[in-house]
Amino acid sequence: EGMALPKSIFPSEKICMDWQQRERPGAGLLNLGNTCYINVILQCLTYTPPLANYLLSHKHSLSCQHEGFCMMCTMEAHVRKVLCSSASAILPGAVLRDLKFIGEEFEYGRQENAYEFLRCTLSAMHRACLGGPHDSDISSQGSTIVEQIFRGLMKSRVTCLSCQAVVDSYKAFLDVSLDIRAASSLITVLEDCVTPKQLDQEECFRCSKCKKKAAASKKTTVHRAPRVLTLCLERADQWTGTKISKFVEYPEYLDLRPYMSDTAGEPLLCSLYAIVVHSGDTCLEGHFYCYTKASNGLWYKMDDESVDNCDIHTVLGQQAYLLFYAR
């Protein structure tokens, strides 16, 4: 209720969703031992057009006030190195060197989770744009380039089943994690997410109109769609801890309109441009690789130092872990 929308630090009208130049894919990334989880996220962010356009413009580094580590400057140098290098593969040395500044839980040489690394990387970039180490909350006072690209707003509406009074609340997000245990496709997961659900007895709702505890239902919708929608298909069963290895169908083009608070109006189309895949029998071991769409419009499988051309049918046939869609 009444969540204040952040003021903008970065002017949103200057965000360009299309590549400014169309080139061949850049370099692969060397694996120094259990660093595949870093490589896939760096590649997916490198091929996120609005972010790459901004980083290639040098706008951040030209005005950066940080002394020492700055994640935006690190990413700016990395993206330029990947996309402009003539080498077939490069070492993401600066990222590996400053791993502890990105996330305290990451330990060099140990296999970590790509999703957690994505979240920590975006948070570190957001903090770098704000200019302070402590003001890292995604619903904080400033809206940065990171928020302008990845930030969306979720709406929860609780309806009293006794008097039909409603209470709305909002929550900002940079990514959405989805339970795929009972799903065969992304569409069925999203449809289930926006289906009203009756609150359990222990979640008893006190209605401000009835002035008493009452049965209630809750519906969650996307109130404001991000420019880039990042989805995590939860592959770790929260009850057993085992890996969910089944195939979940996902489309190349996704219309967000049916899952919005306002379902009327034009379709809100998003296009798939990157996915992350985890191979291995358990979630605690194995290997990460990704598929990304380069600025030339072609798809490539990026597996550490290897960058190989592939088609959309191959991309859509994977046991995807992370999905990246751009408006």
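Is Thr 292 buried or partly exposed, and at what relative accessibility?

Modeller: Thr 292 counts as buried, at 0% relative accessibility; buried means under 20% relative accessible area, exposed over 50%, and partly exposed in between, with a 1.4 Å probe and protein chains only. This is a predicted model, in which local features need pLDDT of at least 70 and side-chain atom pairs count only at pLDDT 80 or more, while totals for chains, interfaces and linings use all residues. Residues are numbered from 1 along each chain as its sequence is written, and side-chain values use heavy atoms, with hydrogens and water left out.

Thr 292 lies in strand 15, residues 287-293. Helices (H or I, at least four residues) and strands (E, at least two) are DSSP runs, numbered from the N terminus. Leaving aside neighbours within four places in sequence, Thr 292 is in contact with Gln 43, Cys 44, Tyr 47, Tyr 273, Ala 274, Leu 298, Trp 299, Tyr 300 and Met 302, where contact means heavy atoms within 4.5 Å. The C-alpha atoms of Thr 292 and Val 82 are separated by 14 Å, and these two residues are 210 apart along the chain.

Among these partners, Gln 43 and Cys 44 are also buried residues of helix 1. The loop between strand 2 (28-29) and helix 1 holds Asn 34, which is partly exposed with a relative accessible area of 35%. The phi of Asn 34 is near 60°, a positive value in a residue other than glycine. Most residues other than glycine have a negative phi. His 58, in the loop between helix 2 (49-56) and helix 3 (59-63), also has a positive phi, near 65°. At 30% relative accessibility, His 58 counts as partly exposed.

Asp 168 belongs to strand 6, residues 166-173, and is buried with a relative accessible area of 19%. A polar contact of 2.7 Å joins the side chains of Asp 168 and Arg 157; the term denotes a pair of N or O atoms within 3.5 Å, of which, within protein, one must be able to donate a hydrogen and the other to accept it, and residues adjacent in sequence count only if both atoms are side-chain atoms. Strand 7, residues 176-179, has a covered face, Val 176 and Leu 178, and an uncovered one, Ser 177 and Asp 179.
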